[in-house]
Amino acid sequence: MLRVAFASNDRNTVNQHFGAAAGFAIYALDGERAQLVELAEFPPEAMDGNENRLPAKIATLAGCAAVYCLAAGASAVRQLLAAGVQPIRLDDEVAIDCLLREISLAIREGGMAWVDKAIRPHPDDGARFDRMLAEGWDE
């Protein structure tokens, strides 16, 4: 199951900036089904001065492959990537149901880079360093 979070204040639409998100709707998907597994809600906060709240939000997303939002600051993007969560920025508000259908299709058929990376590890990942060691370091 692939876990994906959506920054939303209404549980239906991605309509929030990551850092100021009132909450996240977190779904688990397997390509056939999408199930809401968690609703994370945060107290109201201002857009400015919320840097110290990022770690708590990122911790809430533990186990998620991605988070959809309308925007994310550079610091949030760095912290999300370091935690293994791919931030996905949308240009406009989008219904979560539509995104769930797109992600489910990508799980089944591929073609969405972050989904492909999350569920189809690169075949060389485990053996790459062994091959480099076997080849030696001579120039």
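Helices (H or I, at least four residues) and strands (E, at least two) are DSSP runs numbered from the N terminus. The model is a predicted one: local features need pLDDT of at least 70, side-chain atom pairs count only at pLDDT 80 or more, and totals for chains, interfaces and linings use all residues. Residues are numbered from 1 along each chain as its sequence is written, and side-chain values use heavy atoms, with hydrogens and water left out.

Which strands pair with β1, given that pairing requires at least two DSSP bridges between two strands? One partner is β3, joined to β1 by six bridges in an antiparallel arrangement, and there L2 stands opposite L29. Another is β5, which runs parallel to β1 and is joined to it by four bridges; V4 has A66 of β5 as its bridge partner.

## The β3–β4 hairpin

Strand β3 (residues 23–29) also pairs with β4 (residues 34–41), antiparallel and through seven bridges. Within this pairing, I26 stands opposite E38 of β4. The hairpin has four residues between its strands, and G31 takes a positive phi near 100 degrees.

## The fold as a whole

Of its 139 residues, 38% count as buried. Contact means heavy atoms within 4.5 Å. Among contacts with a separation of 6 or more, 53% come from residues 24 or more positions apart.

## Aromatic pairs

Rings of Phe, Tyr and Trp (its six-membered ring) pair if their centres lie within 6.5 Å; planes under 30 degrees apart count as stacked, over 60 as edge-to-face and the rest as tilted. By this rule the count comes to five aromatic pairs. One of them is the stacked pair of F6 and Y68, at 5.3 Å centre to centre with 25 degrees between the planes. F6 lies in β1 (residues 2–7) and Y68 in β5 (residues 64–69), so the pair ties together parts that are 62 residues apart in sequence.

W114 counts as buried at 11% relative accessibility. Ring pairs link F6, Y27, Y68 and W114 into a cluster.

## Two nonpolar cores

A nonpolar core is a set of buried Ala, Val, Leu, Ile, Met, Phe, Trp, Tyr and Cys residues joined through side-chain atoms within 4.5 Å. The largest has 21 residues, of which L2, V4, F6, Y68, I103, W114 and V115 touch the most other members. The elements giving two or more residues to this core are β1, β3, β5, α3 (96–109) and α4, and α3 gives the most, with six residues. A second, separate core of 17 residues includes A40, L54, C64 and V85.

What does W114 touch, leaving aside residues up to four places away in sequence? Its contacts are L2, V4, A65, A66, Y68, Q86, I88 and I103.

In α2, S75, A76 and L80 are buried. They cover an arc of only 130 degrees around the axis, which puts them on the same side of α2; the arc is that of the directions from the helix axis to the C-beta atoms. The cover over the buried residues of α2 includes α1 (54–60), β5 and β6 (86–89).

On the other side of α2, A74, R78 and A82 are exposed. A82 lies in this helix (residues 74–82) and has a relative accessible area of 72%. Just after α2, G84 takes a positive phi of about 80 degrees.

Technical notes. Two strands pair if DSSP finds at least two bridges between them. Buried means under 20% relative accessible area, exposed over 50%, partly exposed in between (1.4 Å probe, protein chains only).
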